[in-house]
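Me: I would like to learn how to read the features of a protein model. Please take me through one, a feature at a time.

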Amino acid sequence: MRFELSQNSNSKINEPAVEEITYKRNKPSKNSTMKDNLSNLEVIEIEHKLDSSENKCDICHEEMQVIGSKTKDILVYEPVKMYIERHITYTYACKKCEIESGQANIITTESPKNLITKSIASNSLLAYILSQKYELAIPLYRQEKCLQSLGVCLSRQTMSNRTIACADKLDFIYDKLREKLLLSNYIQADETTLKVVDTQGKESRSKTYMWLYKNQSCDNQIILFDYQKTRSSSCPKKFLEGFSGYLQTDGYNGYNKVDNATRIYCLAHIRRKFFEVIQPILNDKEALERSRALIGFNYCEQIYELEKDIKKNYNSNEDFYDKRYKIRLKKLKPILDKFKCFANEEVENTLTKSSLGKALEYAKELLPNMYFILEDGHLEIDNNAAERAIKPFVIGRKNWLFCKNQKGAHASATIYSIIETAKANNLIAERYLVYLFDKMTGIDDFCKLNFEPLMPWANEIPRCIKNK
């Protein structure tokens with residue numbers, strides 16, 4: 001028999017008060033904003049002077065002198081320009097050798113090569129198509145219409161074929177990034193659903209998934225997507241084979257099968273469960289104050305407030321992570337102890353299938369592993385970075401809705417990985433793709449290619465590719 005919630009309240013537990021959180025943002029002036037945003041653009045100066053016939057005084061007809069000037073800036077847009085480069089190669093022969101030996105020495109000039117052999121698409125056009133689809137979430141059928149407005153008839157089928165061909169080439173970079181990722185000691189992971197059409201052209205009834213893996217590092221950031229047919233625990237187990245360190249996720253048990261991984265859970269997911277309970281009664285002050293879910297929610301808020309203060313006071317310090325480690329041991333551990341005790345006591349006297357019971361059971365299961373964040377100041381209290389990293393895919397999915405086949409889904413995973421990793425390392429994704437394509441063009445065996453200068457964090461990356 002379950003007791004009423006009011007009979008199970010413990011007056012000895014310090015219940016955090018309801019906190020009102022406000023945000024204040026200092027807005028820069030319009031002039032400073034424009035200056036910051038346009039400082040890297042090319043400036044073309046156009047002087048407006050009187051010509052010799054007009055530069056005469058209306059009274060005495062003498063020549064007038066410049067006594068001052070004013071400047072007015074106008075931001076000009078120049079439409080995209082599409083054109084064809086027609087490369088003409090010539091063949092040369094030595095007539096003298098032909099006369100003397102009977103065999104001419106023949107030399108033929110070479111035209112530039114493209115990444116996709118025998119394709120009319122330049123490397124820059126390929127990068128543009130990929131960037132539009134996977135960075136800006138513009139489906140191929142919309143790109144088809146945009147290109148038509150520029151006088152180019154390039155079907156979505158052709159663009160789709162070129163996209164898959166590019167992904168096949170980029171698999172080499174993807175594999176090298178995965179090797180680097182597995183050397184990390186701290187990875188965050190997440191997954192989301194993906195619609196894939198089957199071989200008969202019908203939407204598959206079974207759910208397929210796009211998995212995301214992200215290292216948590218200040219430098220050399222890596223974000224990788226992995227398409228799989230299921231949500232089975234074998235998927236992260238296989239992908240993370242060889243990894244040893246901290247793995248932070250939501251409460252999904254499928255990640256438990258990853259070998260040599262220390263599981264850390266996400267505080268944001270724990271807080272979300274309690275918030276879902278109190279959300280319907282937010283406007284009812286009396287009901288809110290009586291809610292046991294509010295206690296759990298406010299424990300989460302205390303932890304977030306502590307993390308906020310640490311970042312505010314020590315984020316500029318070189319030894320920030322060491323400072324955070326020491327402060328957490330002193331201030332965070334007591335909060336976790338109280339929170340864990342609260343969840344263990346309350347869950348025993350709450351209906352299991354109620355929303356509060358589910359929130360408490362979820363917190364009870366996950367909180368013991370939250371203590372692992374006390375071991376290293378580099379560890380985060382939530383998995384929000386991975387959820388932000390997977391968001392571009394989720395936004396794109398709303399536009400292009402589904403993948404036509406599994407091959408397209410795998411291609412999307414590869415290209416999303418390259419683009420999002422480039423962005424995470426402060427690169428302009430489209431220019432980075434052109435850089436990769438140019439370096440990979442004409443190479444048959446990528447295993448012989450020196451991949452280190454191609455990594456998004458390499459010193460060899462040209463400055464024009466980096467965001468200033």
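**A bent helix and what follows**

Reply: Helix 11 has a kink of about 30° at Lys-364, shortly before the proline Pro-368. The bend at a residue is the angle between two fitted axes, one for the seven residues ending there and one for the seven starting there. Helices (H or I, at least four residues) and strands (E, at least two) are DSSP runs, numbered from the N terminus. This is a predicted model: local features need pLDDT of at least 70, side-chain atom pairs count only at pLDDT 80 or more, and totals for chains, interfaces and linings use all residues. Residues are numbered from 1 along each chain as its sequence is written, and side-chain values use heavy atoms, with hydrogens and water left out.

Me: What span should helix 11 have, and how far apart are its end C-alpha atoms?

Reply: The expected span of a helix is 1.5 Å times one less than its number of residues. Helix 11 has 16 residues (355-370) and should span 22 Å; its end C-alpha atoms are 22 Å apart, which agrees.

Me: Which residues of helix 11 are buried, and what do they pack against?

Reply: Buried means under 20% relative accessible area, exposed over 50%, and partly exposed in between (1.4 Å probe, protein chains only). In helix 11 the buried residues include Leu-356, Ala-359, Leu-360, Ala-363, Leu-366 and Leu-367. An α-helix has 3.6 residues a turn, so residues three or four places apart point the same way. The buried residues of helix 11 pack against strand 7 (261-264), helix 7, helix 9 and helix 10.

Me: How many salt bridges does the structure hold?

Reply: A salt bridge is a side-chain nitrogen of Lys or Arg within 4 Å of a carboxyl oxygen of Asp or Glu. The structure holds 17 of them. In one, Arg-231 pairs with Glu-191, with the closest N and O atoms 2.6 Å apart. This pair links distant parts of the chain, 40 residues apart: Arg-231 is in the loop between strand 5 (223-228) and helix 6 (234-239), and Glu-191 is in strand 3 (residues 186-194).

Me: Are Arg-231 and Glu-191 buried or partly exposed?

Reply: Arg-231 counts as partly exposed because its relative accessibility is 30%. Glu-191 is at 10%, so it counts as buried.

Me: Which parts of the chain does the salt bridge between Arg-271 and Glu-301 tie together?

Reply: In this salt bridge the closest N and O atoms are 2.7 Å apart. Arg-271 lies in helix 7 (residues 267-278) and Glu-301 in helix 9 (residues 293-314), so the pair ties together parts that are 30 residues apart in sequence. Arg-271 is partly exposed, with a relative accessible area of 24%, whereas Glu-301, at 10%, counts as buried.

Me: Where do Asp-337 and Lys-333 lie?

Reply: Both are in helix 10 (residues 320-347), 4 residues apart, about one turn of the helix. Asp-337 counts as partly exposed at 32% relative accessibility, and Lys-333 is partly exposed at 34%. Elsewhere, salt bridges that share partners join Glu-307, Arg-324, Arg-328 and Glu-380 into one network.

Me: What does a positive phi look like in a list of residues?

Reply: Ala-137 has a positive phi of about 60° although it is not a glycine. Ala-137 is found in the loop between helix 3 (123-134) and helix 4 (140-149), and counts as buried at 10% relative accessibility. Asn-220, also not a glycine, has a positive phi near 55°. Its place is in the loop between strand 4 (208-215) and strand 5, and Asn-220 is partly exposed, with a relative accessible area of 36%.

Me: How far apart are Glu-452 and Lys-176 in sequence and in space?

Reply: They are 276 residues apart in sequence and 9.0 Å apart in space, C-alpha to C-alpha. Glu-452 lies in the segment after helix 14 (429-440). Contact means heavy atoms within 4.5 Å. Not counting residues up to four places away in sequence, Glu-452 touches Lys-180 and Ala-458.

Me: How many helices and strands does the protein chain have?

Reply: The chain has 14 helices and 7 strands. Of its 468 residues, 40% count as buried.
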